[in-house]
Structures are given as structure tokens and as C-alpha cells.
Amino acid sequence: MEKRAKIAIANWKMNGDKQLLQQFANIFNQSIFANQVVFALPSVFLADDLAKSLPNLAGQDVSCYQNGAYTGEISAQMLKEAGCQYCIVGHSERRKNHHENEIILLEKIKRLKEKGIIPIYCVGESLEDYEQNQTQKVLNKQLLPLMEQNLIDQSIIIAYEPVWAIGTGKPATAEYAQKIHQIIRELILVNCGSIANQIKIIYGGSVKSENAQNLANYADIDGFLVGGAGLDWIEFRKIAEVCL
Ligand code: PGA
């Protein structure tokens with residue numbers, strides 16, 4: 001079986017400025033990172049000339065509509081024109097703060113696929129669900145609708161991000177992350193067949209240079225979705241190097 005290449009995705013969220021973008025552009029314009037690194041920048045930076053020096057770009061979100069009177073929203077076509085190859089869908093901050101559920105998220109994935117943009121679909125349990133052993137149930141709820149609507153293909157990226165690990169400085173242990181990634185892959189295998197072995201399942205939640213290598217050593221951990229450490233180019237370069 002062909003080995004899955006690893007990937008490091010920096011999600012800047014609503015952080016950063018032009019100066020930071022310049023620093024990252026200086027470092028990540030090297031071709032060694034061409035396939036391994038993606039930047040989910042705030043949308044206004046995606047279209048900036050400096051962003052063109054970065055290897056791959058992602059939207060942090062997309063509208064579930066194609067176009068129209070939706071003030072503040074950004075369409076899949078606009079992301080494509082800004083040069084995005086990827087887009088995050090269903091980050092826990094969107095699920096929680098903007099009440100996004102699977103019905104909306106499936107539409108977003110469809111809009112992206114229509115434009116050939118690869119969705120980075122986020123899943124993961126809350127602290128409460130974790131403490132009540134509901135992780136598997138949550139993952140089924142988040143993933144099965146995609147399978148029912150044939151939205152899983154080999155290019156989709158699944159980001160497993162336990163909500164209790166995001167921005168807390170308390171990452172999941174690598175053993176726990178591996179266990180959940182394996183559960184996710186088996187769920188895809190049962191429902192979609194052997195493409196499960198080609199799909200990247202990446203981990204997010206307090207990834208730092210100090211824990212990235214250990215996580216990456218596990219068979220089903222195919223890279224990272226990085227928040228805080230993705231705003232520090234020294235840190236993020238080390239994380240990206242783990243993925244080379
Ligand atoms: P964090 O964020 O790395 O700051 O925990 C991860 C994420 O929200 O994707």
C-alpha cells in the first residue's frame with residue numbers, strides 16, 4: 001500500500017497582520033514545503049500578493065450558497081479565484097459560535113467540490129462528550145451524513161480535533177489520537193471501502209513542535225491542523241519539517 005504523505009495546515013483564525021504574512025512568505029516560499037504545508041489565512045489575506053508566495057492556501061470557511069444576497073459571506077468560487085486549493089469546513093468554533101450543523105456543512109462541502117476545492121472537514125467531541133464516553137457517537141453523527149451523501153472521496157481531509165484540546169495547551173496523547181483516527185478510518189472503510197486507506201486524517205488541538213514528532217509516528221496520524229503554533233513561523237516550520 002502506498003504511504004500517505006503528511007500535511008501541516010496552519011489555521012490563523014482571526015489573527016495575524018501583513019507583517020506576519022511577510023515573515024511567513026519569506027520562509028515558506030521554498031519548494032521543499034510545496035506539498036506539505038497549507039495556510040488557512042483570514043480571507044482578506046488570501047488575495048494579497050504576499051500570500052502567493054505561500055505553497056498552498058485554504059479558506060477558513062465557505063458559504064453554503066453559490067452566490068447572492070448573503071452579506072459577509074464568501075463563496076467557493078471566490079476562494080478559488082483567490083487561489084485556494086483547500087477550505088476548512090465545520091471547525092468547532094464555527095459549529096459552536098455559528099450553530100453550524102451537518103445539514104449546513106454538507107452543503108458547504110458540495111459547494112467546494114463543485115469548484116474542485118478540497119474540504120478539510122473537522123470533527124471531534126466536546127469535553128462533556130469525552131467525559132461521558134460519547135466520542136464514538138459524536139463522530140458517527142458528524143461523519144455518517146457525508147458517507148450517506150457520497151461526499152467522501154480520496155482527496156477529502158478529515159481533521160480530528162477534540163474540542164477539549166483546542167487552544168488549551170492540553171493535547172490529546174498520541175495514543176488516544178491514534179485510537180480515534182483508527183476508529184474514523186474503520187468507519188470510512190466500512191461505509192466507503194478501500195479509499196479509506198488513501199484519506200488523510202490529521203490531528204488538531206494544541207499541536208506544538210514538541211509533540212508533533214511523537215504524534216506523527218503513529219500510523220493513522222497523517223499530519224496536523226495547527227492553530228496557535230501556526231502563528232509562529234519558527235514553531236510552524238518545525239512542525240512542517242515533521243511532515244516532510
Ligand atoms: P490550537 O488550535 O492548535 O491552537 O489548539 C487548533 C485548531 O483550532 O485548529
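The accessible surface of the protein chain (Shrake-Rupley method, 1.4 Å probe) comes to about 11,500 Å², and carbon and sulfur atoms hold 49% of this surface. The model is predicted: local features need pLDDT of at least 70, side-chain atom pairs count only at pLDDT 80 or more, and totals for chains, interfaces and linings use all residues. Residues are numbered from 1 along each chain as its sequence is written, and side-chain values use heavy atoms, with hydrogens and water left out.

The chain has 10 helices and eight strands; these are DSSP runs, H or I of at least four residues for helices and E of at least two for strands, numbered from the N terminus. The radius of gyration, taken over C-alpha atoms, is 17 Å, close to the 18 Å of the globule rule (2.2 Å times the number of residues to the power 0.38) for 244 residues, so the chain is as compact as a globular protein of that length.

| Property of the protein chain | Value |
|---|---|
| Box filled by C-alpha atoms, along the principal axes | roughly 45 × 45 × 35 Å |
| Buried residues (under 20% relative accessible area, 1.4 Å probe, protein chains only) | 51% of 244 residues |

Helix α5 covers residues 102-114. Gly116, with a positive phi near 75°, follows α5.

Definitions and conventions: Buried < 20%, exposed > 50% of the residue type's maximum accessible area, 1.4 Å probe, protein only. Expected span 1.5 Å × (residues − 1).
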